Amino acid sequence: MVIKMNFEYSEKDENFRKEVKDWLDETLPKSLSEKVKKYQRLTKEDYEIFMNNLTAKGWLAWHWPKEYGGTGWNAIEKHIFEEEIIKASAPRIVPFGVNMLGPVLIEFGTEEQKNYYLPRILSNEDWWAQGYSEPGAGSDLASLKTTAVDKGDHYLVNGQKTWTTLGHHADKIFCLVKTDLNAKPQLGISFLLIDMDTPGVEVKPIITLDGEHEVNEVWFTNVKVPKKNIVGKENEGWTYAKYLLTFERTGIAGVPYSKSALNHLKMISKRSLKNGKPLIEDPIFSSEIAELEIDLLAMEIFNLRTVSAAAEGKAPGMESSLLKIKGTLVRQKTTELLRKALGPQALPYLPEQFDEGWNEMPVGPSYAGPIAKQYFNMRKISIYGGSNEIQKNIVAKASFGL
Amino acid sequence: MDFTLSEERKMLQETVGKFFNSNYKNIEKRSENVNLPEGYSKEFWKESSDLGVISALVSPKFGGLGGSGEDISIIFELVGKSLCVEPFLSSAVLSSTVLSSISNPRNDLITDIIEGNLLISFAHCEMNNRYEDHYIETNAYLKNDEWNINGTKSFVMNGDDASKIIVSARINGDVNDRNGIGLFLIDNDQTLKRPYNTIDGYRSTELTFKDLKGELLAKDENALKCIIKANSAGALALSAEALGIMQICFDLTLDYLKTRKQFGKSIGAFQSIQHRMVDMMLEIEQVKSAVMLASSTFETDDLTRDKNISAAKNLVGRVGKLIAEETIQLHGGIAMTWEYSAAHYAKRLIMIDHLMGDSDYHRDRFKLLSNS
């Protein structure tokens with residue numbers, strides 16, 4: 001059998017890429033992409049500037065079907081879009097409302113919920129947070145302990161969520177809560193929408209090992225949540241949670257991030273000196289870079305194979321998990337080699353350099369400042385979103401028949 | 001063969017260990033020391049001197065009570081276990097090694113260091129010399145019988161608080177020549193200082209000199225020999241420090257695996273996790289062995305000394321990465337937080353590979369020495 005493969009994007013795809021790129025060139029403020037490039041701290045407004053631009057263009061809900069105000073793009077177009085916004089150093093699209101909750105509401109929400117929440121997500125009126133993990137429920141998410149007790153017209157919610165990314169900016173949070181305490185772990189869970197300004201909701205910052213505040217604890221003490229805020233059926237929240245977790249995540253491998261990190265690595269290796277010569281001329285270090293590039297090259301095709309199958313309507317299965325594992329390892333490897341390339345220049349850490357408007361002289365080259373911090377920060381990607389160990393369990397369980 | 005510590009060294013280990021633990025009770029206490037104006041506790045430094053900890057790092061020939069490879073390893077393994085930020089490495093190891101290795105050793109200055117009255121930092125690293133012993137851009141010239149030093153030294157540990165600095169500078173030749181290097185002693189009050197903290201919590205400084213007067217300590221072959229010996233002593237100290245950190249990382253991780261329950265059992269009950277702990281354990285045994293070997297040959301000929309130290313530091317770089325990354329991964333999110341000590345141990349363990357030669361540098365040096 002002869003299979004003729006085509007690794008090229010179609011002309012239509014290339015035109016689409018150009019359209020996205022031109023739009024970004026035109027609308028993304030230079031000051032904002034500079035902040036992203038320098039790993040400076042982004043304010044709530046910084047995220048909103050970009051997201052409001054997307055709203056105005058009609059591209060914010062790039063995962064949604066057209067009838068709900070989405071783009072209706074196929075998987076390849078989504079992939080191109082994601083690649084271009086990362087290449088342009090745009091802030092990330094805060095995913096909790098538009099990428100996570102939106103699709104769940106479209107699939108399982110009531111008409112009332114869709115009519116109320118979806119337009120508010122599209123207009124960036126609501127900033128959503130994700131209430132999944134708990135101190136005692138990480139890998140084993142189904143063992144969560146936050147309870148919602150039926151009090152007639154409302155639920156009374158008590159418990160604690162953790163690792164809530166950007167929760168300090170959020171107006172609303174979607175939570176997995178236990179509504180049947182006697183059911184088996186995965187059965188008594190419901191999917192609840194909670195206003196952050198309800199009495200009894202408290203957000204506490206978690207400072208991460210790089211000294212930054214991005215994640216939070218969210219505490220619920222006797223929080224009254226109207227019954228109409230439940231999504232789908234009571235005790236069936238696990239189905240919706242899984243739907244959300246496995247929802248088409250074309251970007252899971254983070255290929256464009258690794259690609260831009262690889263370019264950065266090559267640039268730094270040309271400027272860093274070893275024994276008076278550019279580090280890139282060191283045979284062993286350049287071999288390490290080459291092997292990383294080979295891994296990335298293969299992974300990009302692996303990713304495109306999955307994207308392309310998804311464009312033809314095949315839901316990605318194990319590929320998502322495999323891409324998540326390999327994608328995080330490759331991305332972490334780029335941060336490791338960047339750190340190594342700097343040598344002692346990786347040591348200085350000036351927290352104030354990540355503030356907007358910082359314009360003092362850096363210690364060493366200007367690119368050195370964020371590198372070690374990034375290396376440590378990126379340890380999280382093999383932990384969150386279902387740790388790599390959990391991904392391996394999923395693959396082994398589903399594919400081997402052991 | 002005997003791989004056990006002598007009674008005296010066991011006592012040293014026990015006394016110093018208790019003393020370190022009494023000050024560095026927890027990670028908050030360490031953060032307090034990091035945030036002091038000098039980046040370390042002067043009080044703790046003085047107490048260390050009174051207890052003889054600094055003296056234990058210096059040979060009796062120069063007024064100390066120790067200074068062997070084993071002594072350095074014992075003290076630094078404990079420095080690692082407590083994540084001490086005091087100038088044990090900069091002043092007590094690097095500077096005192098230079099001062100004792102020059103043709104006319106400066107026992108007067110070494111005594112002041114031991115007594116905790118004088119801090120001297122060793123300024124050799126530069127922005128472009130990576131980990132090299134001889135690549136030096138800073139230069140010195142003689143005018144009216146006085147040495148004048150010009151240039152910038154980077155990553156000078158405790159270079160803001162030290163009263164004196166030992167500076168390596170080029171007297172003649174090209175930046176990359178092995179000859180033509182001088183070592184100078186300068187007063188630190190005339191230098192331009194840019195202090196900062198490193199990502200793992202240690203104080204470092206960039207020092208700039210403009211026609212600064214310095215006293216010549218050593219030149220040419222003797223100067224290079226001193227730099228190499230100081231850097232080797234530093235690499236040995238850091239290897240032992242890393243070993244201490246690895247043991248803490250292992251213990252913290254094992255404790256967590258026993259207490260953290262997911263899927264109805266402790267996560268340590270999963271075989272795949274147990275195997276990873278065994279990998280960590282055996283690699284730590286390897287590091288321990290390499291550090292022991294390097295310690296025992298610290299006072300032999302230069303070639304054997306440097307070869308074994310490079311072996312240890314290379315292994316420390318490779319295994320350090322494994323232990324730091326596995327410690328975080330096996331803990332999960334909790335080890336990503338500032339509040340929990342494991343994150344700080346992991347950070348130091350990784351950054352030790354950015355001091356006194358990384359795993360690549362020491363692999364290359366080992367190759368050279370092993371084939372010579």
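1. Two residues are in contact if their C-beta atoms, placed from the backbone, lie within 7 Å. Helices (H or I, at least four residues) and strands (E, at least two) are DSSP runs numbered from the N terminus. On that basis, G69(B), I72(B), S73(B), F76(B), E77(B), L78(B), V79(B), G80(B) and K81(B) of α4(B) meet residues of α7(B), including A233(B), L236(B), A240(B), L243(B) and I248(B). Nonpolar means Ala, Val, Leu, Ile, Met, Phe, Trp, Tyr, Cys and Pro; charged means Asp, Glu, Lys and Arg; the others, Gly among them, are polar.

2. The model is predicted: local features need pLDDT of at least 70 and side-chain atom pairs 80 or more, while totals for chains, interfaces and linings use all residues. Residues are numbered from 1 along each chain as its sequence is written, with chains lettered from A and ligands numbered from 1 in the order written.

3. Now the chain contact. Chain A gives 34 residues and chain B gives 34 residues. On the side of chain A, β6 (201-207), β9 (273-274), α9 (283-311) and α11 (371-377) each give two or more. The largest share, three residues, comes from α11(A). That side has 17 nonpolar, eleven polar and six charged residues.

4. Finally, helix α12 (residues 388-399) of chain A. Just after α12(A), G401(A) takes a positive phi of about 65°.
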